[in-house]
Number of protein chains: 2
Amino acid sequence: MDEQLRRRYGLKADMFKALAHPMRIYMLDKLRERHWCVCELAAELGIDKSVASKHLSQLKAAGLIDDEKRGTLVEYRLLAPCILDMAACAESTVLANQRRKYGLSPS
Amino acid sequence: MDEQLRRRYGLKADMFKALAHPMRIYMLDKLRERHWCVCELAAELGIDKSVASKHLSQLKAAGLIDDEKRGTLVEYRLLAPCILDMAACAESTVLANQRRKYGLSPS
DNA sequence: CCTCTTGTTTCAAATTATGGAAACAATGCA
DNA sequence: TGCATTGTTTCCATAATTTGAAACAAGAGG
């Protein structure tokens, strides 16, 4: 695995790493509907504003969302809608595997 | 965020967590071509067999791959091809963002 | 039975990720 | 200016992940 391959797979991994947290996926789901500011998302998720800000910063670094200042608040918006299709694919895969392994019906 | 939502987003996050490592994505890419045993993948990636085994175990737990014993070796095979489409989507998104942010041409 | 090969598991160490509090910056408004 | 609101950053404690070595388990084959 040479340097170029390592960098290429590192980029993909960074993208998935940004998605590898329940709060961040929930944030993306909320941003699909409309713009949200940090304090709104923090209240919706029941977490500290600093934590929400850091999660949003990770999503922004991954290029999944973008922000825009409006007065004292910062509005975040979704950039890459295909990401949520990925999340849906992930969920259906997980559910299919649960059914296959444990015979559970989809809940 | 109630318990049911937390569990639902936790499941999605677990799937992405399984993909959030360069070696594991590389493994999935290799498994797209054909079956591979642990020692082959370990040699290909230049990592210890115990490390390769643990990465594969994570991918299996996520339901992305499956294994089958053949004598002393264990063959792994890809289960969910849509996962690699996700990885491709991730890469194109990353590259698009690089171009948008830094004006780089696609490499 | 003995030995070699292949994989998995366990263990400790190092690294990384996360959360919460506090400090700080920036804007709006009286 | 003074003050409240909103976000970001920093610091620290805790939790999770990753790695490699070693121990262990399971077959294959002499």
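Q: How many residue pairs are in polar contact between chain B and chain A?

A: There are 2, both at pLDDT 80 or more. A polar contact is a pair of N or O atoms within 3.5 Å; within protein, one must be able to donate a hydrogen and the other to accept it, and residues adjacent in sequence count only if both atoms are side-chain atoms. This is a predicted model, where local features need pLDDT of at least 70 and side-chain atom pairs count only at pLDDT 80 or more, while totals for chains, interfaces and linings use all residues. Residues are numbered from 1 along each chain as written, chains are lettered from A and ligands numbered from 1 in written order, and side-chain values use heavy atoms, without hydrogens or water.

Q: And how many salt bridges between chain B and chain A?

A: The count is 0, taking a salt bridge as a side-chain nitrogen of Lys or Arg within 4 Å of a carboxyl oxygen of Asp or Glu.

Q: What area is buried between chain B and chain A?

A: About 3,600 Å², with carbon and sulfur atoms giving 70% of it. Buried area is the accessible area (1.4 Å probe) that two parts lose on being put together, summed over both.

Q: Which three residues of chain B supply more of its buried area than any other three?

A: B:Met1, B:Tyr9 and B:Phe16, which supply 18% of what chain B buries against chain A.

Q: How many residues of chain B are in contact with chain A?

A: 42 residues of chain B touch 42 of chain A, where contact means heavy atoms within 4.5 Å. Of the interface residues of chain B, 100% are also interface residues in chain A, so the copies meet through the same surface.

Q: New topic. How many residues surround DNA strand C?

A: 21, and the closest are A:Lys54, A:His55, B:Cys37, B:Cys39 and B:Ser53. A residue counts as near if one of its heavy atoms lies within 4 Å of the strand.

Q: Which atoms of B:Val38 and B:Cys39 face a phosphate oxygen there?

A: Polar backbone atoms. In B:Cys39 such an atom is 2.8 Å from a phosphate oxygen of DNA strand C, and in B:Val38 the distance is 3.4 Å.

Q: And what about A:Gln58?

A: An N or O atom in the side chain of A:Gln58 is 3.3 Å from a phosphate oxygen of DNA strand C.
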